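Below is a short note on the ligand site and the pockets. Please read it alongside the model.

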Amino acid sequence: MGELKVLDHPLIQHKLTMIRDYRTGTKAFRELVDEVGTLMAFEITRDLPLEEIDVETPVTTAKAYRLAGKKLGIIPILRAGLGMMDGVLNLIPAAKVGHVGLYRDPKTLEPVEYYVKLPSDIHERELIVVDPMLATGGSASAAIQSLKDRGAINIKLMCLIGAPEGVKRIQQDHDDVDIYLAALDEKLNEKGYIVPGLGDAGDRLFGTK
Ligand code: URA
């Protein structure tokens, strides 16, 4: 079973509170989501493997460490995932970015893929799928499946807020994927919004209604 990690760092929690507040306008909302994306990426990358190398300092030769192992890829789910992408890139600027676009079919309510553009070597990368809201988990599950169908084997999911329903869905569909949240909320309401949540993440990020 993939792990569920709720990142309870005080800075993440403080900023998430401001993100939730309905009085927070588009500019501040976007900046805060960006900042939390960076802080969450810091935690998610904690277990990246290192290798020991020699480095010449101005004084002597020192044993030092640098990142080893797989390169990273960031996969925002369109459109709200874009809001978390730059925050992660601040910390991992060399990461490649792939995009997955999904919409929900109004009749079947199932996610339908309308856009996928990925780095050619995703099978060699550690991928971080980003989407602010893990509600039913339908979109995130479909996006992860889409990556797996194209060869990805190493995937983490990073969301601001999750509902228990969404967490369960990912754990059922993709038991190899670790889930990282800033908060695990109470439930979904009848309209599919996370309660207490933050409203519609895409609308709040981009100033749409
Ligand atoms: N998507 C959102 O943007 N907000 C929710 O609460 C649920 C899904």
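1. The ligand sits in the largest pocket. "Sits in" means that more than half of its atoms lie within 2 Å of the pocket's grid points. A pocket is an open set of points on a 1 Å grid over the protein atoms alone, where a 1.4 Å probe fits, with protein on both sides within 12 Å along at least five of seven lines; lining residues have an atom within 4 Å of a point.

2. This is a predicted model: local features need pLDDT of at least 70, side-chain atom pairs need 80 or more, and totals for chains, interfaces and linings use all residues. Numbering runs from 1 along each chain as its sequence is written, and side-chain values use heavy atoms, without hydrogens and water.

3. Around the ligand (a heavy atom within 4 Å) are Met133, Ala135, Gly192, Tyr193, Ile194, Gly199, Asp200 and Ala201.

4. A polar backbone atom of Ile194 is 2.7 Å from a ligand oxygen. For Gly199, a polar backbone atom is 2.8 Å from a ligand nitrogen. A backbone N or O atom of Ala201 lies 2.8 Å from a ligand oxygen.

5. The largest pocket has a volume of about 900 Å³, taken as the space filled by probe spheres set on the points, which are joined across faces, edges and corners. Its lining counts 32 residues; Arg104, Asp131, Met133, Ala135 and Ser139 lie nearest the centre.

6. The second largest pocket holds about 190 Å³ of space. Among its lining residues are Leu48, Pro49, Lys70, Lys71 and Arg125.

Definitions and conventions. A polar contact is a pair of N or O atoms within 3.5 Å; within protein, one must be able to donate a hydrogen and the other to accept it, and residues adjacent in sequence count only if both atoms are side-chain atoms.
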